[in-house]
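Open your viewer and get ready to select residues by number. We will go from stop to stop, looking at what is there.

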Amino acid sequence: MLALGKLLELTLAGREPAEKTQLTVEGVRMRWLSEGALEVRPPEARDNGLDLLLSAGIHGNETAPIELLDRLLHDIARGDVKPRARILFLFGNPEAIRKGERFVEQDVNRLFNGRHEQSSGSEALRACELERLAASFFSLPDRNRLHYDLHTAIRGSKIEQFALYPWKEGRQHSRQELARLRAAGMEAVLLQNKPSIVFSSYTYDKLGAESFTLELGKARPFGQNDGVNIDLLETRLKQIIEGNEPPLTDAALDGLQLFSVAREIIKHSDSFRLNLPADIENFSELEVGYLLAEDIAQTRWIIEEEGARIIFPNPRVKNGLRAGILIVPTTDENLA
Ligand SMILES: O=C(O)CCC(=O)N[C@@H](CCC(=O)O)C(=O)O
Ligand SMILES: [Zn+2]
């Protein structure tokens, strides 16, 4: 296999490849751009006009998505997968991946849409670099832009695989993209309703891509991901890359559960208390009247919404950051 197909090995070793560009037997050009960043370009005659950004390892301990990108890249480097799309592979936080930690000093996925400018340290620099790499990749005119930012969650989940769909004023969420996610094995989608500082929101808001954060199961160390079944996603990604996706029918959304954000729980101070068991699963339902959280100055988060559920509860985040999202079921009536 070509050396550049071993992007994960290079990244884990903190090594720069001697040769920055290589051609596969299929005439596919692979170009190393920076640590954990590799562009794949099909021969011009085969290019179908899709620019696909695949990122993983924005959180260094979320290894199933990193292993998935590693397999896809190996397949392309060997000529077993023949791309018709341009692809940018990104391993988000190499230092944290090497340490097997979610982050080193601060969460890279809270540093996008300009947030890195108000911060310092290696993770702020990396968020800036990721924005630059994505902006340069998505700078070609008249092409379709798609970004999947792949994650696994800290805790178990009543709904194992789901997507978060960013929001932008005046832009409607796409039914076609939701159908594609359903075909890729996603069981639910959270339709966001305000701007955010995560990577997928940056590429959606600033770069015009269709962008999603995908949650694929529970985070485990390298080599221990047998419990994370991402076969449907892997198959779909290969089809997207090779430009031979089966057509999506009108019934394609069947079974996909849609949610919207009722409230984000923001931790304001060290006094923040979250009244949930440590092992609570994502999508657990909370009853009306339940006292979910308390914070400084008698702030109390009481459930008012029928059918409310919690995702990503985490009282250990830094002050000012999201300590959970309260979500409620929604319908498909506002989709484009
Ligand atoms: O399990 C958790 O608490 C977090 C899992 C995770 O890393 N999720 C992403 C979601 C990003 C988004 O809101 O689109 C994150 O928290 O960064
Ligand atoms: Zn993550």
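Select Gly243: this residue follows helix 7 and has a positive phi, near 70°. (Helices are DSSP runs of H or I with at least four residues, strands are runs of E with at least two, and both are numbered from the N terminus.) This is a predicted model, in which local features need pLDDT of at least 70, side-chain atom pairs count only at pLDDT 80 or more, and totals for chains, interfaces and linings use all residues. Residues are numbered from 1 along each chain as written, chains are lettered from A and ligands numbered from 1 in written order, and side-chain values use heavy atoms, without hydrogens or water.

Now step back to helix 7, residues 231-242. Which of its residues are buried? They are Leu233, Glu234, Arg236, Leu237, Gln239, Ile240 and Ile241, where buried means under 20% relative accessible area with a 1.4 Å probe, protein chains only. Among the elements they pack against are helix 2 (63-78) and strand 9 (210-218).

Next, pick Leu214. Beyond its neighbours within four places in sequence, its contacts (heavy atoms within 4.5 Å) include Tyr148, Phe162 and Leu233.

Finally, show ligand 1. Of the 14 residues around it, Asn109, Arg110, Ile154, Thr213 and Glu215 come nearest; a residue is near if one of its heavy atoms lies within 4 Å.

Terms used: Buried < 20%, exposed > 50% of the residue type's maximum accessible area, 1.4 Å probe, protein only.
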